[in-house]
Amino acid sequence: MGAIQSIAVPLGEVHGVHGNMCTDKTTVLIGLAKVPFRQTEGVLFFQPREAARCAPDRVESRTGAFYDGVIPVDHPAQIMPIVEASTAQHLFLEEVHFLGRDAGMEAAAKQLFLDLRRLGRHTYWSGLPMDFRAQPFELVAFLLGITSHPYPRDTSCAVCKRMPAPFPQRLYFDLPAPADDARFLADTPEQQARKRLRYEPRCSNCYRCPDTMSPQLQQIFAAMAEEYDRGRRELASPADPPRS
Ligand SMILES: [Zn+2]
């Protein structure tokens, strides 16, 4: 990170909506974006393309709130040129943890937020503080440190209903995903259908993350692979000869 630069204009506000999945973070973020004075002063809404649930240019919450005209980005470096070409004062970033997928992206995203703040632009982010292994997302931890307007969100545990439930439990076929699984995996319709991937909020008592895949889950995945291969063989083989 570069040297601290002098501050010539009022700093931009940093609003952060943070909490586990199923805490309506997206609803809160969309609500902030739709406030009339922000719309008048200009809103740019970004989302990481990888995290897009329905369409790249639309953000939709589980409660049915939506925002259209969203700009999908693959890398934080794409954001500043768009901001500089616009007079919009309010910049929204959904699922911000996806912008820290590797060390280079993480550093670029951190610098982006500092630069936007220094320019006096107001930023609004939503993100998960922890990954499915209960380890901190470094970018979100950094953003929490510079957030002037925090909106903490909480929910109850999907198993025992107690609050708080800050741990994102990743499940395949209702079984805990192992710690050696990929860190970034959105619960897209395709992932939900193919591997029954889903997430649920859990409390410290009910959260589980084994080091390696359980024998039960190994069996399910092996059976799936077998079924897939059988389907491919059937498609590849010529049709049965007509019976005489
Ligand atoms: Zn629980």
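Below are my notes, from the whole chain down to single strands.

**Ground rules.** I am reading a predicted model, where local features need pLDDT of at least 70, side-chain atom pairs count only at pLDDT 80 or more, and totals for chains, interfaces and linings use all residues. Residues are numbered from 1 along each chain as its sequence is written.

**Whole chain.** I found 7 helices and 11 strands in the protein chain; helices (H or I, at least four residues) and strands (E, at least two) are DSSP runs numbered from the N terminus. The C-alpha trace spans about 85 × 45 × 35 Å along its principal axes. Of the 244 residues, 29% are buried, meaning that 20 or more other C-beta atoms, placed from the backbone, lie within 10 Å of the residue's own.

**Domains.** I noted domain 1 (14–153) and domain 2 (159–236), with bounds from an automatic or database domain assignment. Their centres, taken over C-alpha atoms, are 26 Å apart. Where they meet, 14 residues of domain 1 contact 16 residues of domain 2; a contact has C-beta atoms, placed from the backbone, within 7 Å. The domain 1 side of this meeting has 8 nonpolar, 1 polar and 5 charged residues. Here Ala, Val, Leu, Ile, Met, Phe, Trp, Tyr, Cys and Pro count as nonpolar, Asp, Glu, Lys and Arg as charged, and the others, Gly among them, as polar.

**The sheet.** Next I traced an open sheet of 6 strands, in the order β5-β2-β6-β7-β1-β8, with parallel pairing; strands pair if DSSP finds at least two bridges between them. β5 (71–73) and β8 (149–152) are the edge strands, each pairing on one side only. From one strand to the next, the twist averages 20 degrees.

**Strand β6.** Are the faces of β6 (residues 90–93) covered or open? Both are covered, with His90 and Phe92 buried on one side and Leu91 and Leu93 buried on the other. β6 runs parallel to β2 (residues 43–48), joined by 4 bridges, and Leu93 is the bridge partner of Phe46. Another 4 bridges join β6 to the parallel strand β7 (residues 122–127), where Leu93 stands opposite Trp125.

**Helix α4.** I followed the chain from β6 through α4 (residues 103–118) to β7, a right-handed β-α-β crossover; with the strands pointing away from the viewer, the path from the first strand over the helix to the second runs clockwise. α4 lies across β1, β6 and β7, at about 150 degrees to β7, with axes fitted to C-alpha atoms, for helices over the stretch in contact, and angles from 0 to 180 degrees between N-to-C directions.

Terms used
Contact = placed C-beta atoms within 7 Å. Buried ≥ 20, exposed ≤ 12 C-beta atoms within 10 Å, placed from the backbone.
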